[in-house]
Amino acid sequence: MTEINVAGVSKSFHGLPVLTNIHLEIEKGTTVGIVGANGSGKSVLFKIICGFIAPDQGSIYVRNKQLGKDIDFPEHMGVLIDSPAYISIYSGFKNLKFLADIKRNIGTDEIREAMRIVGLDPDLKTRVADYSLGMKQKLGIAQAIMEGQDILILDEPFNALDYQTYNDIKEIMLRLKAENKTMLLTSHNYEDLDSLCDVLYIIQGGHLEQLTEELKRKYFRRESSSTSLY
Amino acid sequence: MKNLLLLEWTKLKWPVLGTLITLTLAVSILTGTLYRDYSLEKDLEAWEIGISFIVFIFPIIAVIPVCWLMYYERKDKFLWYTLTRVSKGQYILAKWIVVASSSFVIMFVAMSFGVITALYIKPDIIPKLYLLDSITGQPMPRSEKYHFMGSFFVHHPLRYGLLLSFWQGILSAILATLGFVFSLYIRNIFVILTGPFIYVIVENFILNTLNLKPYRIYISFNPDSYNVKRFGTFPLLCGPLLALLFITFVYIYYRKIKKVTVYPS
């Protein structure tokens, strides 16, 4: 069953094409990764899938409902876009509580559990402004999973993490994958996603194509110390 | 909607309750003390003297406890995460309802306590009446003749005070709405929190210069010496109407002309 269907999406900013005729189908329970350089359009594609910005052409279907027509925003979708965004003067727990209280379909126990899963202390009173980037990323993931969302759209979840936090978050991703969540992830680093994803795509020049072994060899040379695209 | 209203109230309750308690104490103490230096005829005049400074800063009191939150939610891009949970319109509507009603409650409750302090808590004023009623020849309070709604003020002071407090609450909600609209489009917290105060100062200055003093929002907020027989009631509505027009102008300017978006893009 197709959970997300990106049908011929194009987007330009100030006349510059960022995405050109993107087609992507994501099946339920699969983990799909998109690699691409900084500024290649990964985040724009994610924002379009989430309904945050409208495409110039094409349509997005989430569980067969068209965004902007049948629904404004996808339901039961956990989202981590750009850098995690929280009200900086409040604690992590309070931020999650504010979000959970919009629908009130979970209580404090579920919020605390989501924080524990990602390795954060729900009783920590520190303001989010004083969180490290890794803690903010973890909080972003907790926010995306706390309401039992079954589609997760996580943009650069491994961005700028230290080794330990990187491993923690990778562990969380593997656990979510085992729970049969449908996940769409991005990274500018191919290795971040290779072991996690069922299907990998590369986005460059506004075009999306499946990352074949040939393309892997072309863009991510093994002899290099880094497998980052840029 | 009920969930959203509760949520917004949860976010704002401490600043709102803090301001409510502080302002109520300030109004009550000022009402109970400042009148001693004046020669007064009616107890409620003590309230009018007590709130004279509050009247000047009421646009700041109306805005500061409630309009800071939207600034942070926009600045920190928190709004991203609300999008998949609630529609933009519903979220902003709930925010505005809580902002405006909280501002109303702060002003109404604090002013009402001032009225109660003036009428029932502070020692009674023993008036010396020099004005004589032209018909009966009996001494009468000057305020009955010269005060705004003099007869109501003299004979039903509690009702007068509570009604005026209610009206002051509404004016406070209107200025909080102006602050809220600023917070939707402006990324400078200083402008958001002081903008409505500056608007009132500028409006006051312009209408004074144009010799349209009765039309000022300050007069509408505290119409003690307003001559309703001479000017009618319409000028008292002009201040709030001008503020509403200005709110509409700000909204159209940022949304339609400058095309600023509330949500991050």
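**Entry 1: the model.** I am working from a predicted model.

**Entry 2: the contact between the chains.** I looked up how many residues each chain brings to the contact. Chain A gives 27 residues and chain B gives 22. I then looked up the area, since the size of an interface is often given as the accessible area lost when the parts come together. Chain A and chain B bury about 2,400 Å² between them, and carbon and sulfur atoms account for 65% of that.

Entry 3: I found a count of one salt bridge between chain A and chain B. Arg85(B) and Glu147(A) meet through their side chains in a salt bridge, at 2.8 Å from N to O.

**Entry 4: the side of chain A that touches chain B.** Which elements of chain A give two or more residues to this side? I listed strand 6 (77–80), helix 2 (92–103) and helix 4 (133–145). Helix 2 of chain A supplies the largest share, six residues. Sorted by class, I have 16 nonpolar, five polar and six charged residues on this side.

**Entry 5: the cavity.** I searched the whole structure and found one cavity of 30 Å³ or more. The largest cavity holds about 40 Å³ of space. I wrote down its lining: Glu8(B), Leu12(B), Val66(B), Cys67(B), Leu69(B), Met70(B), Lys95(B), Val99(B) and Phe180(B). In chain B, helix 1 (2–33), helix 4 (68–75) and helix 6 (88–121) each give two or more residues to this lining. By class I recorded seven nonpolar, no polar and two charged residues in the lining.

**Entry 6: salt bridges over all chains.** I found 16 salt bridges in the structure, over all chains. One that I followed up joins Lys11(A) and Asp56(A), whose closest N and O atoms are 3.5 Å apart. Why does this pair tie together parts that are 45 residues apart in sequence? It does so because Lys11(A) lies in strand 1 (residues 2–13) of chain A, while Asp56(A) lies in the loop between helix 1 (42–50) and strand 4 (57–62) of chain A.

Definitions and conventions: Residues numbered from 1 in each chain as written. Chains lettered and ligands numbered in written order. Predicted model: local features only at pLDDT ≥ 70, side-chain atom pairs only at ≥ 80, totals over all residues. Heavy atoms only, no water. Contact = heavy atoms within 4.5 Å. Buried area = accessible area lost by both parts, 1.4 Å probe. Salt bridge = Lys/Arg side-chain N within 4 Å of Asp/Glu carboxyl O. Helix = DSSP H or I, 4+ residues; strand = E, 2+ residues; numbered from the N terminus. Nonpolar A, V, L, I, M, F, W, Y, C, P; charged D, E, K, R; others polar. 1 Å grid on protein atoms, 1.4 Å probe; cavity = no way out; pocket = protein on both sides within 12 Å on 5 of 7 lines; lining within 4 Å. Points joined across faces, edges and corners; volume = space filled by probe spheres on them.
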